[in-house]
Amino acid sequence: MPQATYNFPAGFLWGSATAAHQVEGGNANNNWSAWEAQPGRILNGDRSNLACDWWSGRWSEDFDRAAETHQNAHRMSIEWSRIQPRPDRWDEDALDHYREMIRGMLARGLTPMITLHHFTDPLWFSELGGWEQENAPELFEKFAAHVVEALKEYVTLWVTINEPNVYVVSGYMGTDFPPGKSDAQAAFAVMRNLIRGHAAVYKTIKRIQKNSAIGIALNYRSLKPASAASPIDRALAKFAHNSFNESFLRTLKTGQLRFSTQRAGIPEAIGTQDFVGVNYYTRDLVQFSPLAFRDFFMKRFFPKDAALSQSGFIANVPEGMFESLKWANAFGLPIYITENGVEDAADDLRPRYLIEHLHQVWRAINFNYPIKGYFHWSLVDNFEWERGWSQRFGLWGLDVVTQARIRRPSVDLFAEICKQNAISSDLVQRYAPESFNLLFPVN
C-alpha cells in the first residue's frame, strides 16, 4: 500500500466558518426573522429561534471545541441589526459582545476573519428599500466604519460581503431569499449597489486600518456544458458563469459591471480587494431547455456519476474546487477558501468530500496558487436559510431542542489534518478508504 503525505504550507490557516443569524439566535430585528415568520418561506415551517444559542454565550464552548481540535482560525459575521438596531441608534453593548467573542478567539489561538454582511439586513434598512435604494452603500459604509473602529485592535482580515451573487439571484431573481422579488431590474440595481457598498467599505477600512486585508466571499459554482459538442450548451454555460461567478469580482478589476444582460460603469470599485475569498460546494451541468424561459432557457443538473448529499443538494465534484482556485488565481491576489462543506447528518459522505476537496487545494498550491487558508462550512449544524434545519453541515451535530453538540467522526478527521498541516495516506485509509486509490494511485 502506498505511503505518502500531502503537506500544506507553513502558516496555513485551518478553520471553520459561521454566520451570525445562523448561530446566534434570539434576534427579531432583521429581514430574515421577518421572512421566517411568513408561512411557506422556510422548509418544514422551521424557525431559527435560538439557533446555536451563541448570543447567550455558547460561542465559548464551540470556540473551545475548535481550538481543542487544532483549528487556528475562525470566520464569523457581525449582525448589522444588533449594532445599529435603528437608523439613529448604536448598541454599544452589542459591540462589546462581539469584542468579547473575538477576544475569545484570540485567547484560544484562533485568527479571526470577520464578515460584515452575511445575507441579513436590519428591518429599518429593508423598510427603506434595502439594497435597491441609491444610498444603501453609504448606509452600509456607516455601519462598517463603526464596527471596524471598534474591532481594529483585534481583526485584520475582513470580508465585506458574503456571496453577493447568491444574495441577488436568490432574493431578486427568485423567491428563496427576502424580498423574493423576481425582478431583473431590481436585481441589477442591487448588484450594482452591493459593489458600490463594498468599494466604499474597502476604502473606509483602509483609512482606519492600513494593515488590513479585505475581500469578499464569492460563491463559485462550477458550470459546465452538459454536452461539450453543443454550441448552445456551451454558450449558456458561459453566460451563466459570466453572470454568476464573474460579474462582481471582474468589476473590481475593470470598473465595468456586466450582470445578466445589463451593463454599468463603477470606476470607484477598481482595485478594492486584497484577496479572493472562494466558497465552493459543487458543480452543475448546463443544458438548453426550450421550456425554461424563466431561467434563460437553461436546465441545470448534477453529473450523473457524482455522489449526492443527503437531500440531493450537493454533488461531490472535487475537480470543481481546483477549477474555482484556478479561476481565482487569475486575479493575481492571495486566496482563501472561505467556505466548503457538505450537508450530511450521518457523516457518511463528509469524510470523503472533505479529503478529496482538500487534495484539490493541495494540487492548486503545488501550481503555486497563493492559497492562504481553508474554512470548513460549518463548525456546528446551523439554520440553513430557506432550508431551515433540514440540512446538517456541521463538523459537530446539534440537537436543536436540547442544544447538545454531537461529535461526528469528521471532527477527528479535520482535527488530524489541522494538527499535521497535511493529509497522510494513513489518515485517508482510516477515515475515507474509498478515496485512497484516487489520492494515492499505485500506477
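Which helix does Pro 231 lie in? Pro 231 belongs to helix 10, residues 231-254, where helices are DSSP runs of H or I with at least four residues, and strands are E runs of at least two, numbered from the N terminus. Welcome to a predicted model, in which local features need pLDDT of at least 70, side-chain atom pairs count only at pLDDT 80 or more, and totals for chains, interfaces and linings use all residues. Residues are numbered from 1 along each chain as its sequence is written, and side-chain values use heavy atoms, leaving out hydrogens and water.

**Pro 231**
- Pro 231 counts as exposed because its relative accessibility is 53% (exposed is over 50%, buried under 20%, partly exposed in between, with a 1.4 Å probe and protein chains only).
- Its C-alpha atom is separated by 9.8 Å from that of Phe 288, 57 residues apart along the chain.

**Nonpolar cores**
- The largest nonpolar core has 121 residues, of which Trp 158, Val 361 and Ile 371 touch the most other members (a core is a set of buried Ala, Val, Leu, Ile, Met, Phe, Trp, Tyr and Cys residues joined through side-chain atoms within 4.5 Å).
- Helix 9 (residues 184-208) gives the most to this core, 12 residues.
- Beyond its neighbours within four places in sequence, Val 361 is in contact (heavy atoms within 4.5 Å) with partners including Phe 8, Phe 12 and Met 321.

**Lining of the largest pocket**
- Helix 8 (164-172), strand 6 (213-225), helix 10, strand 9 (276-288) and strand 10 (298-301) each supply at least two lining residues.
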